[in-house]
Amino acid sequence: MSESDWDTVTVLRKKAPKASTLKTETAVNLARRQGIPVETSQKFNAGTNKQHAAPKNTAKLDRETDELKHRTVSHDVAKLIMQGRQSKGLSQKDLATKICEKPQIVNDYEAGRGIPNNLILGKMERVIGIKLRGKEIGTPFTPPEHK
């Protein structure tokens, strides 16, 4: 062995810490205690579940005074449904079964709360035999003849 081997010093070090470990609270506090400058910044919308910024017309929507509601079945149509169903001797549940809908829908239509749906009204017309749509509301319904 030569004398120069004794003069060289080999320093073994641990690997540099990963960026994720440097971000931990303990690592940041340790760096502050050692006097190392630490820069912390919060990301925009960090920790929130916001995917998109709020639309710019929210103030316009807040100023809007009109109350928007769905159009419901008219009182006349509601009465016609009830009268036609009772004249056929059907309960609300029976009518609902015949038109393949839930009894709650028949109840809503008769109470005037139902949102008009031409498919449902058409099925009801066929079962109770009274027109519920168009200009001739209340006249007897005759299904179109197929050729």
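**Entry 1: overall fold.** I counted eight helices and zero strands in the protein, taking both from DSSP runs numbered from the N terminus (helices H or I, at least four residues; strands E, at least two). The model is predicted, so I note its limits: local features need pLDDT of at least 70, side-chain atom pairs count only at pLDDT 80 or more, and totals for chains, interfaces and linings use all residues. Residues are numbered from 1 along each chain as its sequence is written, and side-chain values use heavy atoms, with hydrogens and water left out. Along the sequence I read the pattern α-α-α-α-α-α-α-α.

**Entry 2: surface and contacts.** I looked up the accessible surface: about 13,100 Å², with 53% belonging to carbon and sulfur atoms. The method is Shrake-Rupley with a 1.4 Å probe; for residues, only the protein chains shown count as cover. Of the 147 residues, 18% count as buried (under 20% relative accessible area; exposed is over 50%, partly exposed in between; 1.4 Å probe, protein chains only). Among contacts (heavy atoms within 4.5 Å) with a separation of 6 or more, 44% come from residues 24 or more positions apart.

**Entry 3: helix α8.** I then went to α8, residues 118-128, where Glu125 sits. Its buried residues are Ile120, Leu121, Gly122, Met124, Glu125 and Ile128. Their cover includes α5 (75-87), α6 (92-98) and α7 (103-111). At the helix start, a side-chain oxygen of Asn117 reaches to within 3.0 Å of the backbone nitrogen of Leu119. Just after the helix, Gly129 takes a positive phi of about 75°.

**Entry 4: Glu125.** Is Glu125 buried or exposed? Glu125 is buried, at a relative accessible area of 1%. Which backbone nitrogen lies 2.8 Å from a polar atom of its side chain? That nitrogen belongs to Leu132. Leaving out residues up to four places away in sequence, I list Ile130, Lys131, Leu132, Arg133 and Phe141 as touching Glu125.

**Entry 5: second largest pocket.** I put its volume at about 150 Å³. Helix α3 (residues 25-33) gives the largest share of the lining, four residues. The lining residues are Leu22, Ala27, Val28, Leu30, Ala31, Gln34, Ile36, Pro37, Val38 and Glu39. A pocket here is an open set of points on a 1 Å grid over the protein atoms alone, where a 1.4 Å probe fits, with protein on both sides within 12 Å along at least five of seven lines; lining residues have an atom within 4 Å of a point. By class I count eight nonpolar, one polar and one charged.

Definitions and conventions. A polar contact is a pair of N or O atoms within 3.5 Å; within protein, one must be able to donate a hydrogen and the other to accept it, and residues adjacent in sequence count only if both atoms are side-chain atoms. Grid points are joined across faces, edges and corners, and a volume is the space filled by probe spheres set on the points. Ala, Val, Leu, Ile, Met, Phe, Trp, Tyr, Cys and Pro count as nonpolar, Asp, Glu, Lys and Arg as charged, and the others, Gly among them, as polar.
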